[in-house]
Amino acid sequence: MYSITGYQISESADIYPSPVKRDWMDSTHDRHAYNCFPVTITNSLGWSVSFPEEISFIWDGISDSSSEHVKVLSGEKYVSTRRANGTISFNAGLGFQTDSNLSLLCIPTPNLFTRGAQCFTTLISTSFFHGDFPIVWKITEPMYKITIPANTPIANIIPI
């Protein structure tokens, strides 16, 4: 067995076991999508991270080292454009401490789709990294307002 300790660095994101439910799956005829066991079980992989308020932003399509090309429209306290290059960083306010042989993998929330943006897949050795757990999205569609409704997962975290 392994040891993971999670803690809040600041009050910001919520973290919880990833739910099976997906709105698009609810919308299929007779909720038929839930009959696919591989999809359904994958939905519950790891822990989901979400925010209690709506977040929205838009990118002008210019990818350079300036942070001014992504405009945050709502949820400013939860995001930053400092990474530039058409990305947005989430201020999760979450820290983790793990055993030396354990890392945390951050992935896009399985089977949850967001038009115009995609979560980076990253691996953090949390046995020595003690800062705010980084979650970053690459914006893939310029001039499209991306809205993340309150309490919608932005990423999943899995120990490996």
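Mentor: Two strands pair if DSSP finds at least two bridges between them; strands are DSSP runs (E, at least two residues), numbered from the N terminus. This is a predicted model, in which local features need pLDDT of at least 70 and side-chain atom pairs count only at pLDDT 80 or more, while totals for chains, interfaces and linings use all residues. Residues are numbered from 1 along each chain as its sequence is written, and side-chain values use heavy atoms, with hydrogens and water left out.

Trainee: What makes β4 and β13 a pair?

Mentor: Strand β4, residues 55-59, is joined to β13 by three bridges in the antiparallel sense. At least two are required, so the two strands pair. The bridge partner of Ile55 in β13 is Ile148.

Trainee: In which order do the strands of this open sheet lie?

Mentor: The order is β5-β4-β13, with antiparallel pairing. Strands β5 (70-74) and β13 (146-148) are called edge strands because each pairs on one side only.

Trainee: Why is Ser80 called buried?

Mentor: Its relative accessible area is 15%. Buried means under 20%, exposed over 50% and partly exposed in between, with a 1.4 Å probe and protein chains only. Ser80 is therefore buried.

Trainee: Which residues is Thr140 in contact with, leaving aside neighbours within four places in sequence?

Mentor: They are Trp59, Gly116 and Ala117, contact meaning heavy atoms within 4.5 Å. Thr140 itself lies in the loop between β12 (135-139) and β13. Thr140 and Trp59 are 81 residues apart in sequence, with 8.8 Å from C-alpha to C-alpha.

Terms used
Helices (H or I, at least four residues) and strands (E, at least two) are DSSP runs, numbered from the N terminus.
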